[in-house]
Amino acid sequence: MAGVFVYMKKLFIHIPKTAGQSVFSVIEEKWNYVEHAKHDPLFLLEKNNDLSNAFKFTVVRNPFRRTFSYYKHFNKINETEYEFKEFLNFIKHNVKFPRTKMIPYSQLFYCLDRDGNFGIDNFYHFENLTDLEEDLNVKLPFINKGTYKESDYFNSYNSFEKDFVREYYALDFSTFGYTYDFL
């Protein structure tokens, strides 16, 4: 089955902090994007493109890891030094910053079509990108990789932060098959 999608038009739904720059570097299809850094959800891409005969796919990431990665990215892009708990409060209260306005949205949000249905043909786990590489017959480079230490990740989560991510991103955990265990 490897490489089966090579000859189809490919539409990558770029969820922030899920290897998007790496995927875009190997995908040659051109689509009309309107959101910053090509972070358009599927329903917006449907509005601005003819998606007939397109293989629609995305990469998803463990919600704990994605949230922390977005936190580090958020501080870097906005040139701030907020604590992790403050960042989670921004998500909770839908506080938007011009350079990172997509932070409150779940991964599932990006996968919904105009009718509110799951409209992605396939999703790949960030933790196992070899499946994507095999299906699309590509080799992904590491682009825009986070630089945080594992100890920073583990030390930033206490029970409040873990519970917040489990609750706020509950649909991401269940839809994409992630365990609620903190790893």
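## The largest pocket

In this predicted model, α1 (20-24), α3 (63-78) and α5 (130-136) each supply at least two residues of the lining of the largest pocket, where helices are DSSP runs (H or I, at least four residues) numbered from the N terminus. The largest share, 4 residues, comes from α3. A pocket is an open set of points on a 1 Å grid over the protein atoms alone, where a 1.4 Å probe fits, with protein on both sides within 12 Å along at least five of seven lines, and lining residues have an atom within 4 Å of a point.

The lining holds 39 residues, and Lys17, Thr18, Ala19, Ile143 and Asn144 lie nearest the centre of this pocket. Its volume, the space filled by probe spheres set on the points, is about 900 Å³.

## The second largest pocket

The second largest pocket contains about 190 Å³ of space, and its lining includes Lys17, Ser69, His73, Asn144 and Tyr148.

## Two packed helices

The axes (lines fitted to C-alpha atoms over the stretch in contact) of α4 (residues 84-92) and α7 (residues 159-168) come within 11 Å and cross at roughly 25 degrees. The two helices are therefore roughly parallel to each other, a term for angles under 35 degrees. Their contact (heavy atoms within 4.5 Å) involves residues including Phe84 and Leu88 of α4 and Phe160 and Phe164 of α7.

## About the model

Residues are numbered from 1 along each chain as its sequence is written, and side-chain values use heavy atoms, leaving out hydrogens and water. Local features need pLDDT of at least 70 and side-chain atom pairs count only at pLDDT 80 or more, whereas totals for chains, interfaces and linings use all residues.

Note on methods
Axes are lines fitted to C-alpha atoms, for helices over the stretch in contact, and angles run from 0 to 180 degrees between N-to-C directions. Angles under 35 degrees count as roughly parallel, over 145 as roughly antiparallel, 65 to 115 as roughly perpendicular and the rest as oblique.
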